Amino acid sequence: MRLLLAALTLCALIGLAAPRAQASESVRFGIQDDSWLTHGAGTLDDRLDRLESLGVDVVRFNLHWDRIEPVRGEPNWEESDLILNGLHDRGIPAIVGLVGSPRWANGGRTPNFAPGAAAFAEFSRTAATRYSWVNQWLVWNEPNQARWLRPTTPAVYVRQLLNPAYKAIHAANPSAKVGGGVTAPRGSTAGVSPVNWIRGMRTAGAKLDAYAHHPYPSNSRESPFANGSCKYCTTITMATLERLLSEVKRAFGPKRIWLTEYGYQTGAYGVTQQRQAELIGQAGMRVQKAPRVDMLIHYLVKDEPEASRFQSGLFQNSGRPKLAALAFPFPIAQAGRSGGNLVLWGQVRPRSGAQTYRVQIRTTGAWRFSGGMRKTSARGFFSTAVAAGPGARVRIYSPQDAAYSIAIRAR
């Protein structure tokens, strides 16, 4: 960890900018919460306003075929039309997943059973034609787990889902990109590890433009950087992102990487609100500095009602904001140290273009500004050095938003 932080510090101090050789100015940060987006409190415009205020670059949304067309030949697109047209009208790009099979397409079984290839291709073609402005698609969700796909094999996934959808989507929209894999970080009971899934997809002749993965942590103690040197792991989390990059490159060449679901839960099964907020910044820094990674999607906007379900939202189920609601639009993290200087990484996400910000430090007593106004890159990223010793609390202020980030404690 010390070696990694030292390397990050050296890169950050060269021109006080993200390292140009690998760090991506184009990486996008988004959100998925289908239930909230579709049925949340207030109007759809209210919910879209909130997404804009959070500074999302992209929204992931799933089309459940089994719900859209439970009766063959009688599809109902009303709900998905409302959401995807609403996002399109606001200029918010969508990455759309195709999931679930109706009983008539899979032999009368549950939606996690693979449908026939021809029927799925036709649904994929229809969706890509109907939503012609959507340029990024995902095929299925976590097919390496039995609860999402049966039979749970890479060959079934490639031959009955991925390749038919890839061909159909490209026929409808030649400029579209199709993400395959969409794997869970582990196979779980009766499933397949993402490492073996990637290798199996290659053997089956997978066609894809990008590889999608969900790098959830193995436990609440794991950070985006912890255990990142694991060479033989078959579970792939954010901490072992290099394993994902190497396995995908070996299987398919230098394909782009989409991290399409990720987050830390708070409460009895997770971390504190402060820790969740800090981890949002650390994950953002990890992804922005990684090669070939195009996006990171946070899951969810709002905690689910049942405490045993996902509590990874930026807001509590009551609607009350968590500290994560500050961390998402203004993520910050410690990138390293150089002598007595703290190297701070972050981003100002609302709006587009270069943004102004100021740094505040608190050692004892009141907060004080450190230096004058600073400027982000054209995508809102910054890397800057400030005189802050270990134990000092640091945050940023965005004048245009009249808002502060969370405070982090310098190490």
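**Exercise 1.** In this predicted model, find which residue of β12 stands opposite Gln360, and then describe how the two strands pair.

*Solution.* Start at Gln360 and look across to β12: the residue opposite is Phe369. Next, check the directions: strand β11 (residues 356-362) and β12 run antiparallel, and five bridges join them. Finally, follow the chain through the hairpin, which has five residues between the strands; there Gly365 takes a positive phi near 75 degrees.

**Exercise 2.** Decide whether Thr376 is buried or exposed, and list what surrounds it.

*Solution.* First locate Thr376 in the loop between β12 (368-375) and β13 (381-387). Its relative accessible area is 7%, and buried means under 20%, so Thr376 is buried. Now look for partners: leaving aside neighbours within four places in sequence, Thr376 is in contact with residues including Val348, Tyr357, Phe381 and Phe382. Its side chain also reaches the backbone nitrogen of Gln355, at 2.7 Å.

**Exercise 3.** Work out where the buried residues of α6 lie around the helix axis.

*Solution.* Begin by picking out the buried residues: Phe120, Ala121, Phe123, Ser124, Ala127 and Ala128. Looking down the axis of α6, you find them within an arc of 160 degrees, so they line one face of the helix.

Definitions and conventions. Residues numbered from 1 in each chain as written. Predicted model: local features only at pLDDT ≥ 70, side-chain atom pairs only at ≥ 80, totals over all residues. Heavy atoms only, no water. Helix = DSSP H or I, 4+ residues; strand = E, 2+ residues; numbered from the N terminus. Buried < 20%, exposed > 50% of the residue type's maximum accessible area, 1.4 Å probe, protein only. Polar contact = N/O pair within 3.5 Å; in protein donor to acceptor, adjacent residues only side chain to side chain. Contact = heavy atoms within 4.5 Å. Pairing = 2+ DSSP bridges. Arc of directions from axis to C-beta.
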